[in-house]
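Below are my notes on this model, as numbered points. Please read them with the structure open.

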Amino acid sequence: MPGYFMKIAEINLTTEEINFITLKEKEVKEFIGGSGIGAKFLYDYTDHKTDPLGPENVLIFMTGPLTGTKTFSSDRFEVITKSPLTGIYTESDCGGKWGEGLKKCGVDGIVIKGEAKKPVYITMKNEEIKVKDASDLWGKDTFATDTLIKEEMGPNSHVVCIGKAGENLIKFACIINEGKHGRAAGRAGVGAVMGSKNLKAIGVLGTKEVKIAHEQKFNQFIKGLFPQMVESTEALRKYGTSNGVEYCESVGDLPIKNWYQGNWEGAKKISGQYMAKTVLKKNYHCGRCVIGCGRTVEITEGKYKTEETAGPEYETIGMLGSNCLVDDIKVICKANELCNRYGLDTISTGSAISFCMEAYERGLITKEDTGGLKMEWGNGDAVLEMIKKIVNRQDLGELLGEGLIKASKEIGGNSCEFAIHVKGLDFPAHDPRGKVSVALGYATSNRGACHLQAFTHDFEDGAALPDLGYKETLDRFEIKGKAKFVVDFQHLMSMFDSLHCCKFIVFGGMTVEPLVKVLNLVTGWDFSKEDFLKTGERIFNLKRLYNVREGISRKDDALPPRILTHPRGGGAGDNLPCLNKMLDEYYQIRGWDEFGIPTKETLKRLELEEYIKQFRVK
Ligand code: SF4
């Protein structure tokens, strides 16, 4: 079928058996690819008894029908698994160049099963797959691993790998693509799952081309969108995602001092604009991307010296910078480099360290716990040392590497009040008190606190999206209408994660209708806008069903006490999100019962009948 190879490689690391599964047409029309097909596979392969770090868990790498085509920013892939950090469904989207490399091997995805007896890596040259001894790679950082595998496979190959964090099963270890350019499948511990399978890396080198149903029309359409895509994304290209640091500080969106403080002077010293004047060397573009929001930075001397390497994104700056009151961009660049080398999620790492700083300030932990580190606000050197302690499981670093739920339980006192997570996944750097749709988006995201499953933070008081029904910007403190707003965006973003392309192309004109058109031109289908968004809804509900099977319900669609009760001031003023009211409306719109479980009618409407018998749904 155009847009697909209709083939998934299934690699069992316990037995070293390799099979190819054929995708069915019905399956791809219902779940598209990326996290849609990934969620379906995860649902079928695992259950509520599956230990995320046991051999029975699976690690799924998926592309989508747009991967490997000329669609803007479509060289991406999704990693889907059961998370060791949250114990529920997780997905992690990654840029770079590996996604297209995988698809060019003639497959749409890979399912990794089992657990190798000793460290291995996988090479894939078109459909020739080999499982090889990785004893010499184990212990190496992600930059070195990437280089060594590329030396073996050739300069056109692409590599995903884990660092020491994944090997040491740190619960928020990530998977890195593109070596020192550091594109990450960052969240919820996908790197720890890879480490638990003793899998160090996967190198791909493919030469196959993706078939396009209406190639000429498709090429013309993409060409026509090109000028707008370039013109409308200039700020992202110039200053990266950290373009918005100062604005976010001014509206109460940027996290400051573990989500406690309203304003902070330091924001201007860690912004994208400041980076451009100081450490920025050049842009980085993921494959097929004309936006180029990635930063390449270098610090040439001093104790924070780095290689020429990936610069910090907005989320990294928010979590390892302002949330720890670190206002030195060089420290943040160094912290980012360390996290990328070790393969640690910068968001959860920043969250763990800011939590630790607050526990230290409140006397719940001391220098004895931290191995002598003074975890005082703004102490950049302590941040860098604590990153090493987390990855090496030393002193308090060992507990922090287990995630906030466990850390706050063991530290005790009132620390659960300032452990800022949903379902165990740390908040990314957007504050629900500054934009109320973010509250609902975090509470209902299928992987815990996530800004990307709804992605409303840039639209609530910023860009309009007329073809999704939002012609004007909204009042960011008003809860009326926000449930529908979040639902609509979650459906669209489910499609982005399945197709699979970067969400930033929406700012360049690739909105709902152009996306539907591109999908139809690539596959030869005849999806209407309604079909498209309903498919997004089906995918979102399937992920919810996975979590319902794990015991998730309304009790878990919650926010931490600090966010619900502490007005942070600054640009958020005294606003506190009325989550329960929004949740009632949200469940009603979704066709879920009062406990947040999809009803029988909803599952029937979404053609998810086969799941009805597995639940006692109303
Ligand atoms: S816009 Fe940025 S994150 Fe998205 S594909 Fe391009 S470089 Fe990668």
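1. Start with V512. At 0% relative accessibility, V512 counts as buried; buried means under 20% relative accessible area, exposed over 50%, and partly exposed in between, with a 1.4 Å probe and protein chains only. V512 sits in helix α19. Helices here are DSSP runs of H or I of at least four residues, strands are E runs of at least two, and both are numbered from the N terminus. V512 and G378 are 134 residues apart along the chain, and their C-alpha atoms are separated by 43 Å.

2. Ground rules. This is a predicted model, in which local features need pLDDT of at least 70 and side-chain atom pairs count only at pLDDT 80 or more, while totals for chains, interfaces and linings use all residues. Residues are numbered from 1 along each chain as its sequence is written, and side-chain values use heavy atoms, with hydrogens and water left out.

3. The ligand shell. Which residues are around the ligand? They are S73, R76, R183, Y284, C286, C289, I291, G292, C293, G294, C502 and F504. The cut-off is a heavy atom within 4 Å of the molecule. By class, the shell has 7 nonpolar, 3 polar and 2 charged residues. Ala, Val, Leu, Ile, Met, Phe, Trp, Tyr, Cys and Pro count as nonpolar, Asp, Glu, Lys and Arg as charged, and the others, Gly among them, as polar. Domain 1 (7-205) and domain 2 (233-419) both give residues to this shell, so the ligand lies between them. The domain bounds come from an automatic or database domain assignment.

4. The second largest pocket. Its volume is about 170 Å³. The lining consists of I405, S408, K409, C416, E417, A419, H421, L559, P560 and P561. Helix α16 (residues 404-411) gives the largest share of that lining, 3 residues. The lining divides into 6 nonpolar, 2 polar and 2 charged residues. Domain 2 (233-419) and domain 3 (436-614) both contribute to the lining, so this pocket lies between them.

5. How the pocket is defined. The search runs on a 1 Å grid over the protein atoms alone; a pocket is an open set of points with protein on both sides within 12 Å along at least five of seven lines, a cavity is a set where a 1.4 Å probe fits but cannot get out, and lining residues have an atom within 4 Å of a point. Grid points are joined across faces, edges and corners, and a volume is the space filled by probe spheres set on the points.

6. Nonpolar cores. The largest has 119 residues, and those with the most contacts inside it are F61, I112, I202, L344, I353 and I387. Apart from it lies another core, of 70 residues, including F31, V290, F527 and I612. A core is a set of buried Ala, Val, Leu, Ile, Met, Phe, Trp, Tyr and Cys residues joined through side-chain atoms within 4.5 Å.

7. Backbone points to check. The peptide bond from L499 to H500 is cis, with omega near 20°. H500 belongs to the loop between α18 (482-499) and α19 (512-523). L325, not a glycine, has a positive phi, near 60°. L325 is in the loop between α11 (314-321) and α12 (329-342), and is buried at a relative accessible area of 18%. K423 also has a positive phi, of about 55°, although it is not a glycine. K423 lies in the loop between β16 (421-422) and β17 (425-426) and is buried at 12% relative accessibility. Most residues other than glycine have a negative phi, and most peptide bonds are trans.

8. Helix α22. L579 and I589 are both placed in this helix. Is L579 buried or exposed? L579 is buried, with a relative accessible area of 7%, whereas I589 is partly exposed at 35%. L579 and H158 are 421 residues apart in sequence and 43 Å apart in space, C-alpha to C-alpha. For I589 and Y45, the values are 544 residues and 30 Å.

9. Back to the α18–α19 loop. K503 is placed there. K503 is buried, at a relative accessible area of 8%. K503 and V193 are 310 residues apart in sequence and 26 Å apart in space, C-alpha to C-alpha.
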